[in-house]
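Please keep the sequence and the structure at hand while reading.

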Amino acid sequence: MDTFQEATNVDETLDPQDWTDVGALSHRIVDDAITYLKDVRERSVWREMPAEVRAFFSAPLPRSPAPVADVYDDVARNVMPYPMGNVHPRFWSWYMGSSNFTGALGDFLAAIQGSNLGGGNHAAGLMDSQVVNWCKEMVGFPATASGTLVSGGSMANIIGLTVARNVKAGVDIRERGVGAIPKPLRYYASDQVHSCHRKAMEVLGLGNRALRRIPTDGGLRIDIAALKAAIAEDREAGFKPACVIGTAGTVNTGAVDDLQALAGVAAEEGLWFHADGCIGALIAIAPESRSLVAGIEQADSVALDPHKWLHAPFEAGCALVRDASAHRNTFAVTPEYLESTPRGLASGEWLHDYGLQTSRGFRALKIWMALKEHGAEKFGRLIDQNIAQARYLTRLIDAEPALELMAPTTINIVSFRHRLAGASEERLKAFNTEIMLRLQEEGIAALSDTTVSGQHCLRVAIANHRTRRDDLDLLVSEMLRLGREIEATGTSA
Ligand SMILES: *Cc1c(COP(=O)(O)O)cnc(C)c1O
């Protein structure tokens, strides 16, 4: 059979035949990217994709080549105009950062170098460890702690909860599995805990029921007395209380558990203290607000999320573990094909010993470059800025009779709704959902919604370095306009 190689006697490669052409196209792409971010405020936050754009994504596998300029044109036409929108100044849905240009350059250069950070003796590996060290420093962890960069907060929480399980199991769980655990383990968190912890419990083989949800107080923080009572009850019933998860910034309302009190309970009761700091761990670098997360530095493990308040382009999470050997003992495996050598490429640290992945991307570069450019202090001020903006929005809501605050504003999340005289909870939900959807569809602002203490509410989470106070003024005036329009026409979701 004639292969291409036999026919032509040329070895193929993915490299361009003409680097000059590629250079010209690349410069155009960079120019377009700069314009894209520079003008982001002028565009809609989000827009629905027309049918022809949706159809574009059903095209079958391309089997033959196309000029890369045409490939880019496809992307420019069908992908770039229809983003999630989180780089826009009025994107406040769910909880995510708003990216940054330097971080994007970091992602590009990381891909150009192409290094695999599973391990090895090279600069990218050292930089990965350096960024982990910087994360320790930001949350006040000792230099002797360990850590690892992962895809995001969910994976960072899994790392912490897994080390907790292995340390507290009372058996060599790596050899014998969860079936050999003598007393069933119990974990504790508030009823506001993020859903990723449920997934973690399931995948750890402990099961969802092993995570007890403890009621919260009026500020939606874990009720410490109820926690202690639950621990005592479980001991009595033959369970082994193993781990308490404190949340520094809940996803629903931004409530911050009393981390110092939790550290105290964990110490008294011999529990692992894990802090879910995906939202709030980095408040530790915010000069005005850092006292809110006091106690996080006492945790046994912390999950934090550089793709939230450090605005790293997705994905970037970080798990920190105070006891480095407990961390390594949970994940390290040395197969014969990954043994170290005294010198050379395989003499570096095996970073895959600190998590589940073998191959690892060069996530550190995008974080490192943005931190170097701006300095940690500026990131801290931006966190304070978002918290001040959330307080500003809260004041606007308090001053506007048509709007109602639905939970206390602690950090940068505001839970509220539009009132509707005499309406049932069900109608209020439909009415507010309609407002939220029209804000999205008209490209004005992206909010999300949730249920707090059984009541539906809209949610503004300002983890956005582009938001200005005018944007919040506009949100309120547009909500009032939409409220009037929907009331007048009677349309609801
Ligand atoms: C965002 C978040 C997570 C999950 O993090 P991902 O980066 O989305 O995986 C976990 N816990 C809290 C409190 C969060 O806000």
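The points below are grouped by topic, beginning with the pockets.

The model is predicted. Its largest pocket has a volume of about 1800 Å³, and the second largest pocket holds about 400 Å³ of space.

**Largest pocket**

- The lining of the largest pocket comprises 46 residues. Those nearest the pocket centre are Leu25, Ser26, Ile29, Tyr72 and Phe108.
- Three elements, α2 (19-38), α4 (68-78) and α5 (101-113), each give two or more residues to this lining.
- Helix α2 provides the largest share of the lining, 12 residues.
- By class, the lining of the largest pocket consists of 32 nonpolar, eight polar and six charged residues.

**Second largest pocket**

- A total of 27 residues line the second largest pocket. Tyr95, His194, Val251, Asp305 and Lys308 lie nearest its centre.
- At least two lining residues come from each of α7 (153-168) and β10 (448-452).
- Helix α7 gives the most to the lining of the second largest pocket, namely four residues.
- The lining of the second largest pocket divides into 13 polar, nine nonpolar and five charged residues.

**Ligand surroundings**

- The backbone of glycine 153 places an N or O atom 2.7 Å from an oxygen atom of the ligand.
- Histidine 307 has a polar side-chain atom at 2.7 Å from an oxygen atom of the ligand.
- An N or O atom in the side chain of lysine 308 lies 2.8 Å from a ligand oxygen atom.

- β10 runs antiparallel to strand β11 (residues 455-461), and five bridges join the two strands.
- Within this pairing, threonine 451 has histidine 456 of β11 as its bridge partner.
- The two strands form a hairpin with two residues between them. Serine 453, in the turn, has a positive phi of about 45°.

- Rolling a probe the size of a water molecule over the atoms shows where empty space is left.
- The structure holds one cavity of 30 Å³ or more, and the largest cavity has a volume of about 50 Å³.
- The lining of the largest cavity is formed by Tyr36, Val40, Arg43, Ser44, Val45, Pro83, Gly85, Val87 and His88.
- Five of these lining residues are nonpolar, three are polar and one is charged.

**Histidine 418**

- Histidine 418 is located in strand β9 (residues 413-418).
- Its relative accessible area is 4%, so histidine 418 counts as buried, given that buried means under 20%.
- The side chain of histidine 418 reaches the backbone oxygen of alanine 402 at 3.5 Å.

**Backbone features in loops**

- A cis peptide bond, with omega near 0°, leads from phenylalanine 314 to glutamate 315. Glutamate 315 lies in the loop between β6 (301-304) and β7 (317-321).
- Tryptophan 94, a residue other than glycine, has a positive phi near 45°. Tryptophan 94 belongs to the loop between α4 and α5, and its relative accessibility of 48% makes it partly exposed.
- Leucine 220, also a residue other than glycine, has a positive phi near 60°. The loop between β3 (211-214) and α10 (224-236) contains leucine 220.
- Leucine 220 is buried because its relative accessible area is 6%, which is under the 20% limit.

How values were computed. Residues numbered from 1 in each chain as written. Predicted model: local features only at pLDDT ≥ 70, side-chain atom pairs only at ≥ 80, totals over all residues. Heavy atoms only, no water. 1 Å grid on protein atoms, 1.4 Å probe; cavity = no way out; pocket = protein on both sides within 12 Å on 5 of 7 lines; lining within 4 Å. Points joined across faces, edges and corners; volume = space filled by probe spheres on them. Nonpolar A, V, L, I, M, F, W, Y, C, P; charged D, E, K, R; others polar. Pairing = 2+ DSSP bridges. Polar contact = N/O pair within 3.5 Å; in protein donor to acceptor, adjacent residues only side chain to side chain. Buried < 20%, exposed > 50% of the residue type's maximum accessible area, 1.4 Å probe, protein only.
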